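User: I would like to check how some terms are applied to this model. Please set each value against its cut-off.

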Amino acid sequence: MRQFRESGMQAVFFMTACLSVLSVIFICIFLFSAGLPAIQEIGWKNFLLGLDWKPSNHLFGILPMIVGSLYVTLGALLIGVPIGLLTSLYLAFFCNEKWYPYFKKAVSLMAGIPSVVYGFFGLVVLVPFVRNNIGGHGMGVLTASILLGIMILPTIISVSEASLRAVPESYYQGGLALGASHERSIFFILLPAARRGILASVILGLGRAMGETMAVIMVAGNQALIPSSLTSGVRTLTTNIVMEMGYSTDLHREALIGTAVVLFIFILIINTTFYMMYKKE
């Protein structure tokens, strides 16, 4: 009976693993079968390098959305990665045990806040702050980057802290034995030793930032133009799909699915690049 239960559980695990793989395969089939014909009809050059997105005039250029997505995502990483990494170092090695549970619960709470709540916070707090202190209308690349930088913090903090705590304590003790201080042992021994896990946290944060939609819609300005400054309005690939999918038809709808194909390929390229970097280390 015990052997039967073990064989049954192995079958269940195998089926769930196959289901996960099949789900990804079916998504890929749907995206590419519906999106690639539309891109071919529009023209790869016109679709990827076109500057005008005007569905009523049959103009479907997504270059402004590609540039907008890159700007916002890179801005979010520039803001979120240093703050998240330093926070994880504090929680792992510097935080008082009395206060650690409160900080940890606060990070967990941030991870559970819905995107629309973050978007409302950005609309009410960040947009007026940027408008009054930096300039512009408040809705633009900078505001979206700050908001996404805040949203990716829980992922970066949690994964980085777990990676730092997984480093053997003997590394730290060896640094102290060689005369290094507490801080130097952490920054020059433990931090490099945990670089793989930290890189994984950056990848997850990047995916969260590039795939976020609702919060970005509320603070980015949603202008299908290449931004000329940090305060200019911007539209990302994800917001472009969500804003127009509800009323799109025919070629317009297929062009939006083609936009999803481009986004999927970007995520695939980024993940593959980081995986190769991870494998070489």
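Analyst: The model is predicted.

User: Which residues line the largest cavity, and which helix gives the largest share?

Analyst: The lining consists of S69, V72, T73, A209, M210, E212, V216, T236 and T238. Helix α3 gives the largest share, three residues. Both α3 (63-94) and α10 (195-211) supply at least two residues each.

User: How do you know how the lining divides into nonpolar, polar and charged?

Analyst: Glu counts as charged, and Ala, Val and Met count as nonpolar. The lining therefore divides into four nonpolar, four polar and one charged residue.

User: Why is helix α6 called mostly covered?

Analyst: Buried means under 20% relative accessible area. Nine of the 11 residues of α6 (141-151) are buried, so the helix is called mostly covered. Among the buried residues are V141, L142, L147, L148 and M151. The cover includes α3, α5 (115-133), α7 (153-166), α10 and α11 (214-219).

User: Where does the domain name come from, and which residues does it cover?

Analyst: An unreviewed UniProt entry annotates residues 66-274 as "domain: ABC transmembrane type-1". Over residues 66-274 the chain is 78% helix and 0% strand, and the end C-alpha atoms are 20 Å apart.

Technical notes
Residues are numbered from 1 along each chain as its sequence is written. This is a predicted model: local features need pLDDT of at least 70, side-chain atom pairs count only at pLDDT 80 or more; totals for chains, interfaces and linings use all residues. Side-chain values use heavy atoms; hydrogens and water are left out. On a 1 Å grid over the protein atoms alone, a cavity is a set of points where a 1.4 Å probe fits but cannot get out, and a pocket is an open set with protein on both sides within 12 Å along at least five of seven lines; lining residues have an atom within 4 Å of a point. Helices (H or I, at least four residues) and strands (E, at least two) are DSSP runs, numbered from the N terminus. UniProt positions are given in the numbering used here, feature names are shortened, and annotations may be inferred rather than shown by experiment. Buried means under 20% relative accessible area, exposed over 50%, partly exposed in between (1.4 Å probe, protein chains only). Contact means heavy atoms within 4.5 Å.
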